[in-house]
Amino acid sequence: INKTVEILSQSVGRKLDPDEFPLDDKKTFELLSRGDLEGIFQLESSGMRQIVRDLKPSSLEDISSILALYRPGPLDAGLIPKFINRKHGKELIDFPHDSLVPILKDTYGIMVYQEQIMKIAQDLAGYSLGQADLLRRAMGKKKIKEMERHRQIFVDGASNKGVDSLLANNLFDQMVLFAEYCFNKSHSTAYGAVTYQTAYLKAHYPVAYMAALLTVNAGSTEKVQRYISNCNSMGINVMPPNINTSGVDFTPNDNSILFGFSAVKNLGDGAIRKIISSREEDGEF
């Protein structure tokens, strides 16, 4: 991200602040939905690529949720197909109690985050934040005795708020089940924000972004080959290294990218410095 910002600043004099990117950008979500995910943070694996294509994310919340769910537990429990089907109206989104709607609506009625479990305990059973965190910890670590103690506290607290005890018990069972899979929302959302920023840059500044991506991965032949292939599919030509015009990094040139010396195998820093200094002195190597 920083390298792309640097390239754009140097090439077109445009200083971008990734934290100010609009979070409802159509081109960004179109790129994600069609599965053009090479170089997109956390989404490059083949399994994730298919999931993102099926999901067609339309918000940062969607991205954050899928990052939280793409782990062995939720995958084994089949939560991702459920999440996708609910997003696209293929499965009913049900809320056991009206007070759960604002807590679970963004995740289509599925408990994805630890914070959601804490909020349910607060709003439905009158827990304090400290008590709710103790409940989350007990559920996550499967502390049976502690969970049973909390069950009574939860049911009693919910009853005091007019919630039927049978419904409260059933909800507590669901919370215990989902707590095993729930992820920390603040962590997942931070990752999701970085994912979104990489997708935004690739959607709006593809040449600069791919040049930055190739530069920071110049030491990996496999990644360089993969990203060059992606450039070709995007209509971006990666020109071979040129002893008179190439720099250390991959550099944008209109709708093409000039291969950087840093990715040339067996060409050390000393040789690169000699080439560039000779060029600067004579205008040509």
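Visitor: Are Phe154 and Phe172 buried or exposed?
Guide: This is a predicted model. In it, both Phe154 and Phe172 are buried.

Visitor: How many aromatic pairs does the ring rule give?
Guide: The count comes to eight aromatic pairs.

Visitor: Why is the pair of Tyr127 and Phe154 called tilted?
Guide: The ring planes of Tyr127 and Phe154 stand at 55°, with the centres 6.5 Å apart. Stacked would need under 30 degrees and edge-to-face over 60, and the rest count as tilted, so the pair is tilted.

Visitor: Where in the chain do Tyr127 and Phe154 lie?
Guide: Tyr127 is in the loop between helix 8 (114–125) and helix 9 (129–140), whereas Phe154 belongs to helix 10 (residues 144–160). The pair links distant parts of the chain, 27 residues apart. Both Tyr127 and Phe154 are buried.

Visitor: What makes the pair of Phe154 and Phe172 tilted?
Guide: For Phe154 and Phe172 the angle between the planes is 55° and the distance is 5.5 Å centre to centre.

Visitor: Which residues form one aromatic cluster?
Guide: Phe21, Phe29, Tyr196 and Tyr200 form one.

Visitor: Which residues touch the most other members of the largest nonpolar core?
Guide: Leu32, Phe154 and Ile257 do, in a core of 82 residues. Helix 13 (residues 206–216) contributes the most to this core, with eight residues. Beyond four places in sequence, the contacts of Ile257 include Val207, Met210, Ala211 and Leu214, as well as Cys231 and Phe250.

Visitor: Why does Ser256 count as buried?
Guide: The cut-off for buried is under 20% relative accessible area. Ser256 has 11%, so Ser256 counts as buried. Ser256 lies in strand 3 (residues 256–258). Leaving out residues up to four places away in sequence, Ser256 touches Val207, Ile236, Asn237, Met239 and Thr251.

Visitor: What makes Asn160 exposed?
Guide: Exposed means over 50%, and Asn160 has a relative accessible area of 70%, so Asn160 is exposed. Asn160 is found in helix 10. From Asn160 to Ala125 the C-alpha to C-alpha distance is 7.7 Å, although the two are 35 residues apart in sequence.

Visitor: How do you know that the span of helix 8 is close to the one expected?
Guide: Helix 8 has twelve residues and reaches 16 Å from its first C-alpha to its last, against an expected 16 Å at 1.5 Å a residue.

Visitor: Which residues of helix 8 are buried, and what do they pack against?
Guide: The buried residues are Gln116, Ile117, Met118, Ile120, Ala121, Leu124 and Ala125. They pack against helix 7 (101–104), helix 9, helix 10 and helix 11. Just after helix 8, Gly126 has a positive phi of about 75°.

Visitor: Why are helix 12 and helix 13 called oblique to each other?
Guide: Helix 12 (residues 185–204) packs on helix 13 at an angle of about 125°, with the axes 5 Å apart. Roughly perpendicular covers 65 to 115 degrees and roughly antiparallel starts over 145; helix 12 and helix 13 are therefore oblique. Thr198, Leu201, Lys202, Ala203 and His204 of helix 12 make the contact with Pro206, Tyr209 and Met210 of helix 13.

Key:
Residues are numbered from 1 along each chain as its sequence is written. This is a predicted model: local features need pLDDT of at least 70, side-chain atom pairs count only at pLDDT 80 or more; totals for chains, interfaces and linings use all residues. Side-chain values use heavy atoms; hydrogens and water are left out. A nonpolar core is a set of buried Ala, Val, Leu, Ile, Met, Phe, Trp, Tyr and Cys residues joined through side-chain atoms within 4.5 Å. Buried means under 20% relative accessible area, exposed over 50%, partly exposed in between (1.4 Å probe, protein chains only). Helices (H or I, at least four residues) and strands (E, at least two) are DSSP runs, numbered from the N terminus. Contact means heavy atoms within 4.5 Å. Rings of Phe, Tyr and Trp (its six-membered ring) pair if their centres lie within 6.5 Å; planes under 30 degrees apart count as stacked, over 60 as edge-to-face and the rest as tilted. The expected span of a helix is 1.5 Å times one less than its number of residues. Axes are lines fitted to C-alpha atoms, for helices over the stretch in contact, and angles run from 0 to 180 degrees between N-to-C directions. Angles under 35 degrees count as roughly parallel, over 145 as roughly antiparallel, 65 to 115 as roughly perpendicular and the rest as oblique.
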